[in-house]
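Please find below some notes on this model, written for someone with the coordinates open. They go through the points in turn, beginning with a question.

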Amino acid sequence: MTHLLQLLVSGVSLGAVYALLALGFVVVFRATEVVNFAHPALLMVGAYFTARFRTVDELPFPVAVLLGVGVAVLVALAVQFFLVRRMSGRSVIAVSIMTIGVDVVIQTEITRRLGVDILPMGDPWQDGVVHLDGLTIPQTRIAALVLSVALLAAFFAWFRYSDWGVAMRASAENPETAALMGVRRARVAALAWAIAGALAALAGLSLTTFPAPGLEPATSAVALRAFPAAIIGGLDSTAGAVVGGLVVGVTEALAQGYASELSFLGLGFHTVMPYLVMVVVLLVRPTGLFGTRELHRV
Amino acid sequence: MTGPLASAVTTTPTAVLSVDRVTVRFAGLTALDRVSFTVAPRAIHAVIGPNGAGKSTLFNVVSGAYRPSSGTVRLGTADLTRLAPARIAALGVARTFQNIALLPTASVEENCLLGRHHLTRTGFVSGGLRLPPAWREERRHRARVAEIAAFLGLGGRLDTPVGQLSYGDQKRVEIARALCVEPALLLLDEPAAGMNAHETARLAHLIRDLRDALGIPVLLVEHDMGLVMGIADRVTVLDFGRRIADGTPAQVRRDPEVLRAYLGDDTDEHGPEMRAADIETGSAR
Amino acid sequence: MSEIATVARRRARTVSQVGRRARIVPLVLAVALLVAPFYVDAFWLQIGLFGLAAAVAALGLGLLLGQAGQLSLGHSFFVAVGAYGYTVLAAEDRTIGGSHQFGLGLPPLLAALAAVLLAGAAGLLFSPIAARLRGIYLGIASLGLVFLGQHVLFNAETLTGGFNGRTVPEFTLFGFSFGDLRGEALYVLGVPFGREEKLWYLAVAVTAAAYLFFRNVAKSRPGRALRAVRDNEIAAEIMGVGVARYKAYAFLVSSMYAGLGGVLLALAFHRIVPETFGVALAVEYLAMVVIGGLGSADGAIAGALFVSALPTVLERYAGVLPGLAAGGSEGVTPGVAAKFAYGAAIILILLFEPGGAAAVATRVRTVLSPRTSQ
Amino acid sequence: MSRGSRPALRLVAATAASLLLATTACSTKSTEASGDASKPATGTGVTDTTIKLGVLTDRTGAFAAAGKGVEQGRELFWRKKNAAGGVCDRKVEFVVKDHGYNAQHAVSAYSQLKGEVLALDELLGSPMIAALLPDLETDEMLTLAVSFSSSLLANPYVVVTGATYDIEMINGLHWLAKNGKVAKGDKVGHILLDGDYGQNALAGSRAAAKDLGLSVVEHKIKPTDADLTAQVAALRKDGVKVVLLTTTPAQTASAVAVAEAGGYDATFVGSNPAFSPALLKSPARAALEKRLLIATSIAPFSATGAGPAEVRASFVAAFPDQPKTNWVMYGYAQGEVMAQILAAACRDGALTRPGLLKAFQSLNNVDTAGLLPPLDYGKPGKIPARQVYIVKPDSSIDGGQRIAEEFFAAPLAKQYQS
């Protein structure tokens, strides 16, 4: 029972981080209809600069985080402004493939800068843990969970009530009408990319702190899990992103924790689980759990 | 029957379209409400009505894009109601699209050849290997496409990408493609939209020529009252998804319900005849 | 009347000019390809083998994405089915060091054909899923195939050899082996013909056939139907094209191309490992067709050669190229430069020339011969 | 259109055929082949003054860290050796290729190397080694593989320099048993990466477990798994006291740190690639120093002994700012092994590929002055070294590894697969 609880806690805290990543995808998709394959790159940029500012320039941790997030936001805005915006009117698939190129370039540069080392994040929690009713939870995971919940709550409140949030929703639901109402799509798109950059950077921070030893090139592979997360929830549903993230996190943790019971499926099955769940969901609902169904007009 | 396209007319019996109590609902909204009418052989049959009356929905039902909630659509004796659009096309129902739905990068010829999809057999293997049946078939159908294009005055444009043509020419390619289906029934979705008076007049001639040459019925949705009243043998009027009138242009023109639908309830100093004149000039648009 | 005649004559002349050029270019190319093994060393032939294998698979993705408009991030899965299919079908059943490796021992030609069919069957199995999804949802669902496929490749050791992979049986045709035979050497006109030289001709022949097939399909009825599906599914359906069926065809044919590319890839590798058939490879195929120009056969081949050969070629000339740091240092090494170039090519092509390399080539041709332009 | 293409095809065919005949007469490749049978006893890549060796390494991919250390070690060795006159009166030169941990690039680069070099002084990366295995055999290319998998020994041309992963695990478990950390009936956990690395180590842990009356709980992971919380939790649930780690360094840090943080009192034993000194800068440092041991046949950077001391001194002089890892020791030792093979082939008068193989198989006691245990290549197909060090992470010394036990071989390790 403790084992199961431990796995669930681990899965939920990981899932919350996936949710941040998936939310970034979804926000960009809603605002610009682009599936941002460069999302892992934004994560790497954020984590790399946070770690650099902290351990090389020895800035205080909160400052380093803010600066790291800032760099990720700037990179995201640059991608939107110089590349995505110029391709407006082109097919969604073309723009999405373009972001694959962006991902390759950025990740190559970060990997080159990382060199051979594992870059520790220098966070204040280090390897501290909290014991709770027989469960052990790393402080970093609690921090990640608190951060995710706070960010998600703030995002949804803002999305619902602020002028910008309303503009974003309007723009996603009906671009023409939104344009008539004076919503500036370019600004909304820029905002969406900035949010995605910030969320990716913070997710990167959560993925590179304890128990992970720090940032390494392989870190970006984790960001790939946000794809099934976003798809399971539905690419255009912000709430779906959160659900999808949690589903992927918990599924993965359970498949890992019960690996010996699942060994008939082949060892290492947990890496396939998120995609399997995704395909099953898609077969039942072709646009994800909460995604809107497309309407076709002749 | 002696027009330039006469050679294409095969010996199939002329089909009659019958739409019987068709109802279409979208998420609580009734787009068509028990609409019935029939299209007679060799008739030019127009469906008119204000915006949102359900004209396009009706077209989509006939061509199979929408499946009605209830009611039936028959072509001759064949029930179209549950058939996939591709099957309906194979039975000889061809249509044009209000918003031009051509392949913009492909040539006029290529676009027209698409219309002959159900008349041709070449598959991946014979096409990929250029087997004799494939290129023989291709040659035969290209010749027929050239005939049809020439009939529509597109003879010199066969190799031109459709995207480079004028709007009016693109509209004619739409019609040419539909004719390439060798239709038993031709559906024209607002063929005159965006055309000037001169072009519209030419279109009217064209539609009549087509009917005469092919001997098939033409069902058309049109806003341009002048065109409709000028060429239609019969007119069905829809309003809010219901059929409010059905008859010859002359009958429809005088139908009080039609007038109300187009001009609103308020009666003013103009007599019915004046309103009919409005309809005729298309000012109700 | 005379005016029409003049136009017709001018048109005829330009057609014949185009025709002549169209005849000369393939001629030069064919000769170059045929004599290459007599001049070019094994390194270039090996790169060429990988490039041609990639080209065949890329043609398949070009058909799927460029012609039918279906996004797939799972192309490397079907390539793996072809590569492993051939290996399992052609290899002898045997036990090496306690691990059993299943094999049917079919004649290689038969095994290759069966592997292509197997890949096609895999594509057909996926098509019901594909039929339900569209656009980006389809792309990411197909990404799941890659993960699933790699999982199977790593775990089904009797079939795949697991992590260490399997040695690929040499191709033979009517008793003629395309492999290296130790101690025996084949000399053609005084040039030693080893594995690379022999496989080169096989790969060129297969690629040429795959290329012509693609072009013919694109020009004929099924090609038109696929493009109609790509541009407007509902309009296509209403014009009589069975959309679901043509999507399934597209997956079938594209995965058969992938399977054929996989067989060539396996032969070029001589030994295949699951590591190869990952997401990176799937993305590379996508990059190939995008860089080359969506839907263009020439483009797919050019893109495949570019993406596949770039890193190795840059590495080879690292010493001569200015601006590249020596390996092991912190600067921009050839490997890094190749990745930059690859990523940048995707971005720039999509940003400035959506038609890809094929469109650039067309434009150059138009500029060079103003009379053929309109 | 179809009418035009047929004469064209015929034209192509005719021209091609005639050109083929005309041009191949002066083909650039044909000249080499003529006097093949009567070549003197020097092979590809050997001239009167130089011997060319190939290096296929990873400078940009997943194993760039290891690749770099090995390259530095090699450079140190050959700089000295060449300065002292080289081998067989010839200087040894290298053609270095970066495959970036991609099998296709490795195969392409190899096809260039095989025409230029006598042997491969380094081939790094399990998938790349696996992909090239049949070619190495066909080309008779003697290859020093940077891998310690005993499955490679089946290929006579592959030289494994050091104890294999299975031997590491056997010695590791025996050492724990000797020191009272495990006893008969206990369960031991083994977290391992997919593939040769993991499988070979698992074979060792299984053999040792059988020998010692233990049972093994396996958890297979992928290189991309970053967080091993779930695996560690599962092992804890199973009552495991000792966990073997055949993982990447980052995964090692994750597993050990999670256990420490959760108060899970387990001992961890890593395979040699499972540790990197870079981990000692991470939050996991304390946990690693407390709970991790590594079984390795490569001398740590700070090892005492004449060989390591000399390498250390020359490394610090040549690369003062570079990371100090035991990969340097390994690279240097590889140089030593290659030098001895070349020298033996020279004595036999056959600096050719077959000559190299024969020379290699005649070496039954290669001494690297403590960089590696003595290597015995006299029995083809058998494990060349059976001794390992047990080392502990220690952030206070260069290279981050302190020797806990000098070279030893457990009884089972001595007879395992002999």
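1. Which residue follows H7(B), and is its phi positive or negative? The residue is B:Gly215, and its phi is positive, near 70 degrees. Bear in mind throughout that this is a predicted model.

2. The length of H7(B), residues 197–214, agrees with what its residue count leads one to expect. At 1.5 Å a residue its 18 residues should span 26 Å, and the C-alpha atoms at its ends are 26 Å apart.

3. The burial of H7(B) is one-sided. B:Thr200, B:Leu203, B:Ile207, B:Leu210 and B:Leu214 are the buried residues to look at. Viewed down the helix axis, the buried residues of H7(B) fall within an arc of 75 degrees, so they line one face of the helix. An α-helix has 3.6 residues a turn, so residues three or four places apart point the same way. On the face of H7(B) turned away from the buried side are the exposed residues B:Ala197, B:His198 and B:His205.

4. H6(B) is mostly covered, with ten of the 14 residues buried. Charged side chains are found in that buried set, which includes B:Lys171, B:Arg172, B:Glu174 and B:Arg177. Also buried in H6(B) are B:Val173, B:Ile175, B:Ala176, B:Ala178, B:Leu179 and B:Cys180.

5. Elements of chain B that cover the buried residues of H6(B) include strands S6 (93–95) and S7 (185–189) and helices H3 (108–115) and H5 (132–151). Just after H6(B) comes B:Glu182, with a positive phi of about 55 degrees.

6. For chain B as a whole, there are eleven helices and ten strands. Of its 285 residues, 47% are buried. Taking the contacts in chain B between residues at least 6 apart in sequence, 68% join residues at least 24 apart.

7. How is chain B divided into domains? Domain 1 covers 6–92 + 183–281, and domain 2 covers 106–180. Their contact takes eight residues from domain 1 of chain B and seven residues from domain 2 of chain B. The side of domain 1 that touches domain 2 in chain B has six nonpolar residues, one polar and one charged.

8. Strand S6 of chain D, residues 187–193, is mostly covered, with six of its seven residues buried. S6(D) runs parallel to S7(D), and seven bridges join the two strands. Opposite D:His190 stands D:Glu218 in S7(D).

Key: Residues are numbered from 1 along each chain as its sequence is written. Chains are lettered from A and ligands numbered from 1 in the order in which they are written. This is a predicted model: local features need pLDDT of at least 70, side-chain atom pairs count only at pLDDT 80 or more; totals for chains, interfaces and linings use all residues. Helices (H or I, at least four residues) and strands (E, at least two) are DSSP runs, numbered from the N terminus. The expected span of a helix is 1.5 Å times one less than its number of residues. A residue is buried if 20 or more other C-beta atoms lie within 10 Å of its own, exposed if 12 or fewer, and partly exposed in between; C-beta atoms are placed from the backbone. The arc is that of the directions from the helix axis to the C-beta atoms. Two residues are in contact if their C-beta atoms, placed from the backbone, lie within 7 Å. Domain bounds come from an automatic or database domain assignment. Two strands pair if DSSP finds at least two bridges between them.
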